[in-house]
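Dear colleague,

I am passing on the structure we talked about, and below it you will find notes on what turned up when I went through it. Please keep it open beside this message as you read.

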Amino acid sequence: MASSSGNSNSSSSSQLQNSGSEEDLHQQNMMDQRKRKRKESNRESARRSRMRKQQHLDELVAQVAQLSKDNNQILNSINFTTHHYLNIQAENSVLRAQMMELSQRLDYLNQILSYLNTMSASELVYETDQCFETSTCDHGFTNPFNLPYLNQPIMASPDMFQYY
């Protein structure tokens, strides 16, 4: 009897061990399956992350190209504006110099008119006659070809004020 009950005890314990090891195997399979799913999920997440990084990098490269293009356009605009400014500045200098020369000429003409207005008609006729008789006049008011301010070209020119 003892042997039969011993066999039944050992068979029930081996059944318990079998069911325990089946459970262990089942748990192990579940753990392995979870690990595989987690690894696959991590791989997919890493792939999406790499794609996002690549997309961000592509956007940054495109932005750099656009900003470089904009920068070149701005530099060209600055160079054009600077060149135009220097030309206008040179032209302005020429015009100022011409204005100074014309102002001096106008002052000389006003002095002549003032002198002629202060003289009486008889003095003017006398001086004119005297200059024609002696062919020497001590001033150039009555002989317009002897006036130093007439027939002089305006000296300022754009070449005088070139900026490089």
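With which residue does glutamate 44 form a salt bridge in which the closest N and O atoms are 2.3 Å apart? The partner is arginine 47, and please bear in mind that this is a predicted model. Both glutamate 44 and arginine 47 belong to helix α1, where they sit three residues apart, or about one turn of the helix. Glutamate 44 counts as partly exposed, at 28% relative accessibility, and arginine 47 is likewise partly exposed, with a relative accessible area of 36%.

Glutamate 44 also forms a salt bridge with arginine 48, and here the closest N and O atoms are 3.9 Å apart. These two residues are separated by about one helical turn, because they lie four residues apart in helix α1.

Since arginine 43 has a relative accessible area of 53%, which is over the 50% cut-off, arginine 43 is exposed, whereas glutamate 40, at 45% relative accessibility, counts as partly exposed.

Finally, Ile74, Leu75 and Ile78 make a nonpolar surface patch of about 270 Å², and isoleucine 74 has its place in helix α1, which covers residues 2-118.

Note on methods:
Residues numbered from 1 in each chain as written. Predicted model: local features only at pLDDT ≥ 70, side-chain atom pairs only at ≥ 80, totals over all residues. Heavy atoms only, no water. Patch = residues over 30% accessible without salt bridge, like charges linked within 9 Å, V, L, I, M, F, W, Y side chains within 5 Å. Areas by Shrake-Rupley, 256 points an atom, 1.4 Å probe, with all protein chains shown as cover. Salt bridge = Lys/Arg side-chain N within 4 Å of Asp/Glu carboxyl O. Buried < 20%, exposed > 50% of the residue type's maximum accessible area, 1.4 Å probe, protein only.
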